Every structure is written in structure tokens, then in C-alpha cells.
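Hi,

Here is the structure I said I would pass on.

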There are 2 protein chains.
Amino acid sequence: MEALKQRILSDGRCLNGGILKVDNFLNHQIDPKLMQAIGEEFVRRFSDVKVDKVITVEASGIAPALFVALQLGTDLVFAKKKNPSTMESPLSARITSFTKGCDCDICISGNFLKRGEKVLFIDDFLANGSVSLGIRDIVSQAGAELVGMGFVIEKSFQSGAALLAQCGVRTESLVRIASLENCQIVFAE
Amino acid sequence: MEALKQRILSDGRCLNGGILKVDNFLNHQIDPKLMQAIGEEFVRRFSDVKVDKVITVEASGIAPALFVALQLGTDLVFAKKKNPSTMESPLSARITSFTKGCDCDICISGNFLKRGEKVLFIDDFLANGSVSLGIRDIVSQAGAELVGMGFVIEKSFQSGAALLAQCGVRTESLVRIASLENCQIVFAE
């Protein structure tokens, strides 16, 4: 997605440790028009699959996923990073956060993920795949069907893309980054 | 907002302790079309003020606020509920969460809130006003100008609305709930 590449080049910044900081249009400050275009691109790429529900993880996944769900005419469910006391029938998985360096649980209420539902997962980043594998686990617990996973930015130099491919999960990444070495952003072909 | 009232009556549920559970269209599962309509209604109500930036708090505020920002043509900034190690120039305030029963900090990077900017705050609930007063504090720290606050649901039987009125903050609530006593949803006139 060329507009996204250009935005990453103009506004993204590398931090030490392979972190790409895009907090001025995706992770903290959000550009709604870009999110809308990102939603359209995901819908185009997954136009061959039926989707009953879009899911994401709070908080940065909500904006792009919301536009996907709007255009598909489905509801959006966002996984919570801890189990609120009022959540009914929680389904959960343990994940390791790359940027936060800690383990935590992600949870979705079983009320909102039904057996046989066709689920599309959308998130901002694919890095080590921990969140994605956790979501795959939760979808499986519910007996729902994961039809695909879409990522705004894939860090192809980390293990997530390969892990998901091994699991047979279809993924679509709008931009793939081959390297952030020496704080240079190098896109994959 | 009549469509929202009807949705609360059909899908909302009362829990003990004055909690209104709307996790099937607002707080966990999200109805994107309803969020879009909510965004349009906020834009209509605040059509007399200039807005440079929309702000909200993660995670449930993001969906309605995103549609407000999209329609106004501004960026959206969401306050984070803890201070990520990579946040630059953090501005923060201590809040007390009504539903979680704990104190925590909300933070916005000073990079995204500038002196003189006209800021509209959008959130899902107005209850005791702790989050709203924290946001007012952060906006003040940045030297920005708070032009108004919009809430999807106001619990008029809690103190937030009165506190904000005392501070001279203009508020718009799409639905106002007078009472949840005996688990009956009673709307304010």
C-alpha cells in the first residue's frame, strides 16, 4: 500500500531494539482518513472470503479494524488485555508483548464469538506473532473459524509471519518491513 | 438520540452497583454503523465550535471519537491508561476508575497536544467525571483549549455532569440516564 509506505517514510521513526514508532498516525495520534483507506484495502484483499465478524485487540487495532467492519457490515469485537470482572464467559490466551516485554492475558467474551462464525482478525502490527497466535487460540476455543489475519505493518524480520504461515493462517500485510537495522527503514519487496 | 435510547433498552443490561452493561454494541463488541451515527450526532451538536483535534481515552472511546474526527477532518489522539516507556513528553493526570475501582494515570504525549489547539473530548461514559477532569487537567498542562466534551451515555445520577458544569465545561450527552435503581433504566427528560 503505497500511501502507507510513504507515510511511514515521512512520519515513522526507528528506535533502538527494532521498534518502529508510528505514534503520530497509528498508535497514539490517529489519522482517520488513512485508517479509512486502510480499511478499504483490507476489504479489497479479503474480498474472496465471507466474514461474519471482525476482531482486533485494544487499543491500536481498533481504528483500522473499525473501518473494515463498517465496510463489511459486521460487528467488531476487540480483545481486552486483561479480564474485566464483569466479562461473561471469558475466553483467554497468554501472550508476550514485544514492546512491553511482559506476559499478559488477552480475553474475549464467549458471548461474542460463536461456534462456526467466520472471523477476520485485524491488527496494527505483526511482529513475533504472540498476539496473533493467542487470538487463533481464542477463536479455536470458541469453535469459530479464522478466515484470515490482516496487519497494517508486518516486521518481516521477526518470526510472526513464518509462524502463522506454518499454522496455515492466511495473512495480508499492507506494508512489510525487511529491516530496521541501523535505524534505516527497508521495505520487503 | 432516539436510536441510541432504543438500543440501550433492547441490548443494555443493569448490573448491581449502578453499572450499565453495553458491551454488545459499545464496550467490547462494537456496532460500527451506530458509532458512525453517533459521530454524526456529535458533529451536529458541536457544529458551532472550531475543533483542531479530537481526543479520547482508550479503549472504548476510540470508536465513537474516530468518526467524529473523520467527519471534522482532524486527527484523533487517545489518552493511554499507563505511561508507555516510549512516550515522549508525557502529560498525565491521576484518575479513579468507577468500574475498576482503582487509581491509575492517563497520559497523552505533549507532542500531540499543542498550545492554543482547540480540543474536543469524546468518551463513551460520563459517570463520576474523574476521567473528564483528568483530561481537562492534561489539556490545561499543554496550554491547549478545551472547547467541549461529548459523551455517548451520561449517568446523570452520578456527580460528573455537575462537576463539569461547575468548571464551566460545555458538555453534550447523547443519552442521559436518570436512574438505574432496581435495575430499571430510566432516562432523564
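Asn182(A) sits in the loop that runs between β10 (171–179) and β11 (186–187) of chain A. Before I go on, keep in mind that this is a predicted model. As background, most residues other than glycine have a negative phi. Are these two buried or exposed? Asn182(A) has 71% relative accessibility and so counts as exposed, while Cys183(A), with a relative accessible area of 37%, is partly exposed.

**Cis peptides**

There is also a cis peptide bond to look at in each chain. In chain A it joins Glu58(A) and Ala59(A), with omega about -5°. In chain B the cis bond joins Glu58(B) and Ala59(B), again with omega about -5°. For context, most peptide bonds are trans. Ala59(A) belongs to the loop between β4 (53–57) and α3 of chain A, and Ala59(B) to the loop between β4 (53–57) and α3 of chain B.

**How the two copies are related**

Ala59(B) comes up again when you look at the symmetry. Chain B superposes on chain A by a rotation of 180° with 0.0 Å of shift along the axis, at an RMSD of 0.0 Å. The two copies are thus related as by a two-fold rotation axis. Which residue of chain B comes closest to the rotation axis? That is Ala59(B), whose C-alpha is at 2.7 Å. The interface fits in with this: 100% of the interface residues of chain B are also interface residues in chain A, so the copies meet through the same surface.

**The interface**

Chain A and chain B each put 37 residues into the contact. Between them they bury about 3,300 Å², with 63% of that on carbon and sulfur atoms. Which three residues supply more than any others of the area chain B buries against chain A? They are His28(B), Gln29(B) and Leu70(B), which supply 22% of it.

As for which elements take part, at least two residues each come from β1 (13–15), β3 (29–30), α2 (32–45), α3 (62–72), β5 (75–79) and β7 (103–109) of chain B, on the side that touches chain A. The largest share of that side, six residues, comes from α3(B). Sorted by type, the residues of the side of chain B that touches chain A are 17 nonpolar, ten polar and ten charged.

**Two residues of α3 in chain A**

Phe67(A) lies in helix α3 of chain A, and at 0% relative accessibility it counts as buried. Leaving aside neighbours within four places in sequence, Phe67(A) is in contact with Pro32(A), Met35(A), Gln36(A) and Gly39(A), and also with Leu66(B), Phe67(B) and Leu70(B).

Leu70(A) is in helix α3 (residues 62–72) of chain A as well. Its relative accessibility is 13%, so Leu70(A) counts as buried, the cut-off being under 20%. With neighbours within four places in sequence set aside, which residues does Leu70(A) contact? They are Pro32(B), Lys33(B), Gln36(B) and Phe67(B).

**A buried glutamate in chain B**

The last item is Glu172(B), in strand β10 (residues 171–179) of chain B. This charged residue has 18% relative accessibility and therefore counts as buried. Its side chain makes a polar contact of 3.3 Å with the side chain of Arg45(B). Apart from neighbours within four places in sequence, Glu172(B) is in contact with Phe42(B), Arg45(B), Phe46(B), Met149(B), Gly150(B) and Phe151(B).

That's everything from my side, so over to you.

Cheers

Terms used
Residues numbered from 1 in each chain as written. Chains lettered and ligands numbered in written order. Predicted model: local features only at pLDDT ≥ 70, side-chain atom pairs only at ≥ 80, totals over all residues. Heavy atoms only, no water. Least-squares fit on C-alpha atoms with pLDDT ≥ 70 in both. Contact = heavy atoms within 4.5 Å. Helix = DSSP H or I, 4+ residues; strand = E, 2+ residues; numbered from the N terminus. Buried < 20%, exposed > 50% of the residue type's maximum accessible area, 1.4 Å probe, protein only. Buried area = accessible area lost by both parts, 1.4 Å probe. Polar contact = N/O pair within 3.5 Å; in protein donor to acceptor, adjacent residues only side chain to side chain.
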